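Thanks, everyone. Sequence and structure are coming up now.

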Amino acid sequence: MTVLRLFLAAVAFLTRLPIPAWAHADGRTLAAAMVFFPLVGALLGAGQAALILVLHPVLAPDALALLLIATTVLVTGALHYDGLADTVDALGGGWSPEQRLAIMRDPHIGTFGVLALVVAVLAQFVALRSFQHVESLCRAVIVAPCLARMTIVWLAWQEPYARAEGGKGRFIEALQGQQVLGALLTGGAIVLGVGGWLGSLLLALAAVLVMMAAFRFRRWLGGITGDVLGAVSQTCELLVYGVWVAFRP
């Protein structure tokens, strides 16, 4: 497996950007490609930062915040929003691990999921429009998706896959230690390099988030699923924006 193929496989999984057909991956290759998840997140953020630099002189903060959310949804295919909705639906409507996993499998979104999406989008909108300095906003939009995707790898390494019969996230069982280490080193370097001292705080908070998620989902589901990883990733992004606005708006 070449480095280029692994990188493109990560891009294909995390985004809806077109890639060559030869780069589409099987489960084992996709697990190896997780080493590039934080880098892909940072590159997505860099694209958002470029958009901010070009458009902030002509757009009001509200319009710019809406545009950033819309482009994220379009480029990623709302992948992590979907995971958040399914996970909250399962936790709100199920009383046992089996019930919760069954609810996650249902393609329909319930009341809990809809409310979670509304709250998440509103929180993201409020946070993005609250930045007072363009440089600070640009740094935040790079760090947030990078750290969020690093937590995916981190949590996937810690917890077993919850579905005995398999599922779309089953590839994470092939994840190996060197890929996790590579993702953590890459993501950590980007977060610290772009975020400075605030990056250190965000890394510590991300560690707490991963540990809490690992503990709770082990009890609630018996492990994790692809939807859980998406939900934790989306939660981490909101955490980054909230903390950044609080300390360096």
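First, a convention: a crossing is left-handed if the near helix is turned anticlockwise from the far one by less than a right angle, and right-handed if clockwise. Helices are DSSP runs (H or I, at least four residues), numbered from the N terminus. This is a predicted model, where local features need pLDDT of at least 70, side-chain atom pairs count only at pLDDT 80 or more, and totals for chains, interfaces and linings use all residues. Residues are numbered from 1 along each chain as its sequence is written, and side-chain values use heavy atoms, with hydrogens and water left out.

Start with α8 and α9. The crossing of α8 and α9 is left-handed. Helix α8 covers residues 134–158, and α9 covers 177–195. Their axes come within 9 Å and cross at roughly 160°. Axes here are lines fitted to C-alpha atoms, for helices over the stretch in contact, with angles running from 0 to 180 degrees between N-to-C directions. So α8 is roughly antiparallel to α9 (angles over 145 degrees count as that).

Who touches whom? Contact means heavy atoms within 4.5 Å. From α8, the residues include Cys146, Met150, Trp154 and Trp157. From α9, they include Gly187, Gly188, Ile190 and Val191.

Now α8 against α10. These pack at an angle of about 35°, axes 10 Å apart. This crossing is right-handed. Among the contact residues are Val143, Leu147 and Trp154 of α8, and Leu203, Ala207 and Val210 of α10. By class, the contact has twelve nonpolar, two polar and no charged residues. Nonpolar means Ala, Val, Leu, Ile, Met, Phe, Trp, Tyr, Cys and Pro; charged means Asp, Glu, Lys and Arg; the others, Gly among them, are polar.

Stay on α10, residues 197–220. At 1.5 Å a residue, its 24 residues should span 34 Å (1.5 Å times one less than the number of residues). The end C-alpha atoms are 35 Å apart, which agrees. Buried residues in α10 include Leu198, Leu209 and Phe217. Buried means under 20% relative accessible area, with a 1.4 Å probe and protein chains only. The buried residues of α10 pack against α5, α8, α9 and α11. Just after α10, Gly222 takes a positive phi of about 85°.

Two last spots. Gly182 lies in α9 and is buried, at 18%. Its C-alpha is 9.6 Å from that of Pro38, 144 residues away along the chain. Ala78 sits in the loop between α4 and α5. The phi of Ala78 is near 55°, positive in a residue other than glycine.

Technical notes
Helices (H or I, at least four residues) and strands (E, at least two) are DSSP runs, numbered from the N terminus. Angles under 35 degrees count as roughly parallel, over 145 as roughly antiparallel, 65 to 115 as roughly perpendicular and the rest as oblique. Buried means under 20% relative accessible area, exposed over 50%, partly exposed in between (1.4 Å probe, protein chains only).
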